[in-house]
Amino acid sequence: MPAASAIKVMVVDDQTSMRAMIRRALQDLGFKDIRDKPSAVEALPAVKADRVHLIISDYNMPDMDGLQFLEAVRADGTIGKTVFIMLTGSADKEVVQKAAALGVNNYVVKPFAPAALKEKIERVFGELT
Amino acid sequence: MARVPIVQGEHHVAGEPGLVISTLLGSCVAACLHDPVAKLGGMNHFLLGEPGDDNPVPKAEMTRYGIHAMELLINGLMKRGAQRSRLRAHLYGGASIVANLGDIGQRNGLFARKFLQTEGIVLDRCELGGTQARKVEFMPYEGRVRSSLVRDVPLPPVAPVKPVVEAESSGELELF
């Protein structure tokens, strides 16, 4: 059982309020090292410069969407195996299928409750302590 | 004139001249967002600010929360060509009509104002609070809003909050 406090997380969402809500949910789960960025364009160099264990990224973002971000992460020799959880809208089944093909680890459908985020993280990492 | 009525948990985005989006509010809040360059606008109608760990609302009803209702509205506008930086907002509702609902209307209003401030969206008009229901009519193409206080008009029923029971099949794709 991994300790949530040992997992470094990058949260990427263009909506400040949503980043704050996810941050609070992660803190409640015991995560300590939480970074966030308002765009994939900013998050990509940040996670390359300072690696994280988990990326939680929105799909629907301007400039670089979540799929493009996932593709860029997977194509990178250094950070390519970082756990990637995508946040999608309920009508985005095609996006989920594309994300699965690109190697997403899991996804959470917005709108979601904090418990749903916990469940999806634990399906990848195992039960958090 | 085309009219699109919305109720709690719904939102609508449109850019057709003359179209009116309308709703009836008690303690709920409606945000009207308008992009004056793209000539687009949209309105939502939400019941609560944001979910917590102890939230009693089932997943299918999460759009009752403002944080999600606002995102759906903003994303809907951006998909149609609006730019977040150009959005102008109006807020309505958040009244204290039913005594046993406590300060839910006030908290909804506070959430909405804080959300706009956090997201850097300009608030042009704010009619929150009071003790009466409001009827709001928004013309998204023109960016015009008409709000009126309503006396002795029954509000749409608020669906009872059900315990969290996730459907066995939510229609999601099972990846793992």
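Predicted model: local features only at pLDDT ≥ 70, side-chain atom pairs only at ≥ 80, totals over all residues.
Strands of a sheet pair through backbone hydrogen bonds, in either a parallel or an antiparallel manner.

Helices of chain A were examined next. A helix pair is formed by α3 (residues 66-74) and α4 (residues 93-102) of chain A, which pack at an angle of about 5 degrees with their axes 10 Å apart. Because angles under 35 degrees count as roughly parallel, α3(A) is described as roughly parallel to α4(A). On the α3(A) side the contact involves A:Leu67, A:Leu70, A:Glu71 and A:Arg74, and these meet A:Val95, A:Lys98, A:Ala99 and A:Leu102 in α4(A). By residue class, the contact of α3(A) with α4(A) divides into five nonpolar, no polar and three charged residues.

Two residues of this helix contact, A:Leu70 and A:Ala99, are also in contact with A:Met86.

Chain B has two helices and nine strands. Along the sequence these elements follow the pattern β-β-β-β-β-α-β-α-β-β-β. Of its 176 residues, 43% count as buried. Among contacts in chain B between residues at least 6 apart in sequence, 65% join residues that are at least 24 apart.

An open sheet is present in chain B as well, with five strands in the order β2-β5-β4-β6-β7 and mixed pairing. Its edges are β2 (11-14) and β7 (122-128) of chain B, each with a single partner strand, so one side of each is left without a neighbour in the sheet. With direction ignored, neighbouring strands of this sheet are turned by 10 degrees against each other on average.

Strand β6 of chain B (residues 88-93) has partners of both kinds. Six bridges join β6(B) to β7(B), and this pair runs parallel. The bridge partners in β7(B) include B:Val122 for B:Arg88 and B:Arg125 for B:His90. Six bridges also join β4(B) to β6(B), but here the strands run antiparallel; B:Leu33 has B:Ala89 in β6(B) as its bridge partner. Strand β6(B) is mostly covered, with five of its six residues buried.

Helix α1 (residues 66-79) of chain B lies across β2, β4 (29-35) and β5 (40-44) of the chain, at about 160 degrees to β5(B). The loop between β5 and α1 of chain B holds B:Gly49. This residue counts as buried because B:Gly49 has 21 C-beta neighbours inside 10 Å, where 20 or more are required. Contacts of B:Gly49 beyond its neighbours within four places in sequence are with B:Tyr65, B:Gly66, B:Ile67, B:Arg107, B:Asn108 and B:Phe111. B:Gly49 and B:Leu110 are separated by 61 residues in sequence, while their C-alpha atoms are 8.6 Å apart.

In soluble globular proteins, nonpolar side chains tend to be buried together. The largest nonpolar core of the model contains 79 residues. Those touching the most other members are A:Val9, A:Ile55 and A:Met86 from chain A, along with B:Ala30, B:Ala31 and B:Leu73 from chain B. The element that gives the most to this core is α1(B), with eight residues.

Methods
Residues numbered from 1 in each chain as written. Chains lettered and ligands numbered in written order. Pairing = 2+ DSSP bridges. Helix = DSSP H or I, 4+ residues; strand = E, 2+ residues; numbered from the N terminus. Axes fitted to C-alpha atoms, helices over the stretch in contact; angles between N-to-C directions. Contact = placed C-beta atoms within 7 Å. Buried ≥ 20, exposed ≤ 12 C-beta atoms within 10 Å, placed from the backbone. Core = buried A, V, L, I, M, F, W, Y, C linked by C-beta atoms within 7 Å. Parallel < 35°, antiparallel > 145°, perpendicular 65-115°, else oblique. Nonpolar A, V, L, I, M, F, W, Y, C, P; charged D, E, K, R; others polar.
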